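The sequence and structure are shown first.

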Amino acid sequence: MTTARRLDGYTLDDWESLEPAEGHRVELVDGRFVVNAAPSVRRRRVADRLCRLLDDAVAPEGMEALTAVGVRIREGLAYIPDVVVATERVETTSVDVDTVALVAEVVSPSTKKTDRLEKPAAFAAAGVPACGTIVEQFFDEEYSRLRSGEGQAAGVRQVVSGVGRS
């Protein structure tokens with residue numbers, strides 16, 4: 001790309017054509033690429049478990065929960081939330097924000113500001129009906145309770161809307 005193109009900012013097409021190096025996650029924020037290390041094993045474990053719970057809860061409605069899928073919010077802005085609930089089956093590495101029913105971020109110390117402030121604000125402004133954050137160190141106990149079937153449907157909604165939020 002030319003320098004002039006970079007000054008104008010990167011586009012969603014630029015972002016989707018990237019092939020990040022293994023162990024990296026690239027998001028598009030205000031036309032800039034933001035490169036982060038891939039989530040830790042613990043964070044992925046929390047996201048995977050939450051995804052399984054959500055997928056079980058939303059599958060009867062024809063929706064699907066996924067981890068690490070990109071969400072195209074608007075030109076120059078695309079995030080990769082830890083968990084996405086899409087209103088339809090997803091066959092691509094990214095989806096349009098209008099097909100997203102819920103996003104959840106697993107908050108760790110290094111991502112606290114982005115996951116609690118920036119991403120929820122962007123998703124809410126784009127019309128995503130539900131945005132939640134989970135603090136990874138508080139998830140294990142809640143996950144055990146939910147897996148036991150103790151109020152599972154209500155419990156999943158509770159987890160996403162703020163259990164472990166601080």
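A residue is called buried under 20% relative accessible area, exposed over 50%, and partly exposed in between, with a 1.4 Å probe and protein chains only. The model is predicted: local features need pLDDT of at least 70, side-chain atom pairs count only at pLDDT 80 or more, and totals for chains, interfaces and linings use all residues. Residues are numbered from 1 along each chain as its sequence is written, and side-chain values use heavy atoms, with hydrogens and water left out.

**Aromatic pairs**

Two aromatic pairs are found in a search of the whole structure. Rings of Phe, Tyr and Trp (its six-membered ring) pair if their centres lie within 6.5 Å; planes under 30 degrees apart count as stacked, over 60 as edge-to-face and the rest as tilted. Tyrosine 10 and phenylalanine 33 form a stacked pair, because their ring centres are 4.1 Å apart and their planes stand at 25 degrees. This pair links distant parts of the chain, 23 residues apart: tyrosine 10 lies in the loop between helix H1 (3-8) and helix H2 (12-16), and phenylalanine 33 in strand E2 (residues 32-37). Helices (H or I, at least four residues) and strands (E, at least two) are DSSP runs, numbered from the N terminus.

Tyrosine 79 and phenylalanine 123 form a tilted pair, since their ring centres are 5.9 Å apart and their planes are at 55 degrees. Here, too, distant parts of the chain are linked: tyrosine 79 belongs to strand E5 (residues 77-79) and phenylalanine 123 to helix H4 (residues 112-125), 44 residues apart.

| Residue | Relative accessibility | Class |
|---|---|---|
| Tyrosine 10 | 17% | buried |
| Phenylalanine 33 | 24% | partly exposed |
| Tyrosine 79 | 4% | buried |
| Phenylalanine 123 | 1% | buried |

One cavity of 30 Å³ or more is found in the whole structure. On a 1 Å grid over the protein atoms alone, a cavity is a set of points where a 1.4 Å probe fits but cannot get out, and lining residues have an atom within 4 Å of a point. Grid points are joined across faces, edges and corners, and the volume is the space filled by probe spheres set on the points. Phe123 is among the residues that line the largest cavity, as are Val103, Asp115 and Cys131. H4 gives the most to this lining, with four residues.

Technical notes: 1 Å grid on protein atoms, 1.4 Å probe; cavity = no way out; pocket = protein on both sides within 12 Å on 5 of 7 lines; lining within 4 Å.
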